[in-house]
Amino acid sequence: MNHIEVALVNGDGSAPEMMEQARRVVNRAALLDHIQIDWIETPMGWKAFEVSGDTTPAESMETALKIGTIFFGGVGDPTMDTTIGKKRPEMMPEARALLPIRKNLGLLLNFRPMILMKELSHLSPLRPELIPDGGVEMVF
């Protein structure tokens, strides 16, 4: 079995719960290809700030850049952004974590898939007449 390391940024807010489930899916898919993922905790965001006083601790950035493969949960928290972030804008996690990672690894963007199944369209804020028969599948 092949092993690969992946830097794990759990993020803030509801991101850690989503990342937990996403990791389960990724682990299962990797096992189908006989790959085991060694997740390396790499704290960034306001959760990291609460522990270390920095939204992007130097050791976290070094780890992420050294490994080069990053599973990144959403960082940022409106409450922290408007309190500590207003007083110390240099600590905003988007600017301290996401943008430097993109720059240092030569990344242009990140993908955000969206799938809306026709059967769930009644739960969508989209007007029903705008949803095609097969639903919607987009990548932002």
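**Order of elements.** I read the elements of the chain from the N terminus and got β-α-β-α-α-β-α-α-α-β-β. That comes to six helices and five strands. Both are DSSP runs numbered from the N terminus: helices are H or I with at least four residues, strands are E with at least two.

**What I am looking at.** This is a predicted model, in which local features need pLDDT of at least 70 and side-chain atom pairs count only at pLDDT 80 or more, while totals for chains, interfaces and linings use all residues. Residues are numbered from 1 along each chain as its sequence is written, and side-chain values use heavy atoms, with hydrogens and water left out.

**Confidence.** I looked up pLDDT, the predictor's confidence in each residue, from 0 to 100. The chain averages 88, and 94% of the residues score at least 70. Confidence is highest in strand 2, at 97, and lowest in strand 5 (residues 136–139), at a mean of 69. Where pLDDT is low, the predicted coordinates should not be read in detail.

I found three strands in an open sheet, in the order 2-1-3, with parallel pairing. Strand 2 (35–41) and strand 3 (70–72) stand at the edges with a single partner strand each, so one side of each is left without a neighbour in the sheet. The twist averages 35° from one strand to the next; axes are lines fitted to C-alpha atoms, for helices over the stretch in contact, and angles run from 0 to 180 degrees between N-to-C directions.

**Pairing.** I count two strands as paired if DSSP finds at least two bridges between them. Strand 1 and strand 2 have seven bridges; here alanine 7 has isoleucine 40 as its bridge partner. Strand 1 (residues 2–9) and strand 3 are joined by three bridges, and leucine 8 has phenylalanine 71 as its partner.

**Helices by the sheet.** Helix 3 (residues 58–67) packs on the sheet and touches strand 1, strand 2 and strand 3, where contact means heavy atoms within 4.5 Å. The direction of helix 3 makes about 145° with that of strand 1. I also noted that strand 1, helix 1 (residues 15–32) and strand 2 make a right-handed β-α-β unit: with the strands pointing away from the viewer, the path from the first strand over the helix to the second runs clockwise.

**Histidine 34.** I located histidine 34 in the loop between helix 1 and strand 2. Histidine 34 has a positive phi of about 60°, although it is not a glycine. Is histidine 34 buried or exposed? Histidine 34 is exposed, with a relative accessible area of 53% (buried is under 20%, exposed over 50%, partly exposed in between; 1.4 Å probe, protein chains only).
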